[in-house]
Amino acid sequence: NIKNVESPVIFGEGKGFLSFSEQRYEIFDDQIVVNGLIIELCDESQDGRTYIAYVYVLDHDGNVLNEHYYRYTDQVLSTHVFMLNETLVTWNEVSDEIDRHNTFYFYDDEHIGTKTVEFRIRNFDIIGEVFYYQEAFQGDFTHAFAHYDDTLEADEIRGIENHGEYIGNVEISALGAFNVNGETFQYHRVLDYPGHYELGTETKIITFQIHPVIEGVSDGGVYKEPLEIAISHGHAFLNGKLYLEGTQIKDVGHHTLVVEGVNDYVHQTLFTIESKVEGIEDQGYYTDQITLYFDGDGYLNNQAISSGITITDSGEYVFEVLGEGGYENVYTFELDRAEEVSFMRLEYGIILSALFIGGIAVFALYKKR
């Protein structure tokens, strides 16, 4: 009555002992819930010849997808359970003097495929996401598969292509040894350092590149806020100086981030942090005093100024913000403050006044009471 569990689920029981090759497991009385385990049902005693055990595979509704039921007599019977490429696999191993075969069952939410090996598997391992095995007890593995319909062939290289470019890392699998930039590996290798690489076997050469994962900035990006950049691997330099990952970048200007890697590899990212200018707009016209706020080095009509300056004098202005890497942002604007002038007192208490707006005089007559 197991329901509403992550599909598929495994449980089993036997008059023997259970040996675990990994450490992720839970035991609930007579049930064993498996997550990425290899479970082997073995004979507990050497003199007893009767052994009964079972392993059930259930879907999330509790329906039986498959069951493995054994009576131990003169055969060596065992079942292994493991995860391969996020797929559950159960492996029935039968071996006696007449019949020796192995059947692998693959499950998703249901039984999706079967693979059969006709010889006795004496040595095996899961390396990366590939199941390697052989008939001999020792020596190099001779066969491998990643799925029931996906066999790793001799001299095949998994995970990369010639002239390929990859971001972050590559996971390489092969049925044998291979050489990467002068270093020899067997079966499997994960590479995550940026650089130019050359992989060689006895029959082929593959060249490829690994680029770093760069977070927080993009090539050609324009930003108005300070940045913090995360880089997966490599030596990073910002504007020619060593950059410590996570250091805040707040200087206005054009910036160049360079990441160096293996074999003279260089990855360049160009980006800009713009000045936040408040108080004016380009080609703006104003009739009242202005308070100007900005980031970076500011110049008003070629005179250095500080952010927060208040401009009260009428006139035409050129405001420039300068920053890193030749960054320049230019604003032009005009301030024309209206000024009221009383200049003539007429008879009978009448006052003639002029209001100058944009260089034009507007006259007004007032009578004093």
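Let's start with confidence: the chain averages a pLDDT of 79, and 70% of the residues score at least 70. pLDDT is the predictor's confidence in each residue, from 0 to 100. This is a predicted model, so local features need pLDDT of at least 70 and side-chain atom pairs count only at pLDDT 80 or more, while totals for chains, interfaces and linings use all residues. Residues are numbered from 1 along each chain as its sequence is written, and side-chain values use heavy atoms, with hydrogens and water left out.

Two stretches need caution. Over residues 1–47, pLDDT stays under 50. The model has 118 contacts for that stretch beyond four places in sequence; contact means heavy atoms within 4.5 Å. Residues 340–346 also stay under 50, with 20 such contacts.

Now the aromatics. How many aromatic pairs does the structure hold? The count is 22. Rings of Phe, Tyr and Trp (its six-membered ring) pair if their centres lie within 6.5 Å; planes under 30 degrees apart are stacked, over 60 edge-to-face, and the rest tilted.

Take Trp-91 and Phe-131. Their pair is edge-to-face, at 5.5 Å centre to centre and 85° between the planes. It links distant parts of the chain: Trp-91 sits in strand S9 (residues 87–95), Phe-131 in strand S13 (residues 130–134), 40 residues apart. Strands here are DSSP runs (E, at least two residues), numbered from the N terminus. Both Trp-91 and Phe-131 are buried. Buried means under 20% relative accessible area, exposed over 50%, partly exposed in between (1.4 Å probe, protein chains only).

Phe-131 has another partner. Its ring centre is 5.6 Å from that of Phe-124 and the planes are at 20°, so this pair is stacked. Buried or partly exposed: which is Phe-124? Phe-124 is partly exposed, because its relative accessibility is 27%. Phe-131 has a relative accessible area of 0%, so it is buried.

Step back to the cluster. Trp-91, Phe-124 and Phe-131 belong to one aromatic cluster, which also includes Phe-104, Phe-106, Phe-119, Tyr-133, Phe-145 and Tyr-148.

Phe-145 takes us to the strands. Phe-131 stands opposite Phe-145 in S14. S13 and S14 pair in the antiparallel sense, over three bridges; strands pair if DSSP finds at least two bridges between them. S14 (residues 143–147) is mostly covered, with four of its five residues buried. On to S15: two bridges join it to S14, again antiparallel. Phe-145 stands opposite Thr-151 there. S14 and S15 form a hairpin, with two residues between them.

Asp-155 lies in it, between strand S15 (150–151) and strand S16 (157–158). At 32% relative accessibility, Asp-155 is partly exposed. Beyond four places in sequence, Asp-155 contacts Thr-201, Thr-203 and Lys-204. Thr-203 is 48 residues away along the chain, yet the two C-alpha atoms are separated by 7.6 Å.

Last, the cores. A nonpolar core is a set of buried Ala, Val, Leu, Ile, Met, Phe, Trp, Tyr and Cys residues joined through side-chain atoms within 4.5 Å. The largest has 17 residues, and Val-277, Ile-280, Phe-319 and Phe-333 touch the most other members. Strands S32 (290–292), S36 (315–322) and S37 (328–335) each supply at least two of its residues. Leaving aside residues up to four places away, Phe-319 touches, among them, Leu-292, Tyr-299, Ile-305 and Tyr-331. A second, separate core has 15 residues, including Ala-174, Phe-185, Tyr-197 and Leu-199.
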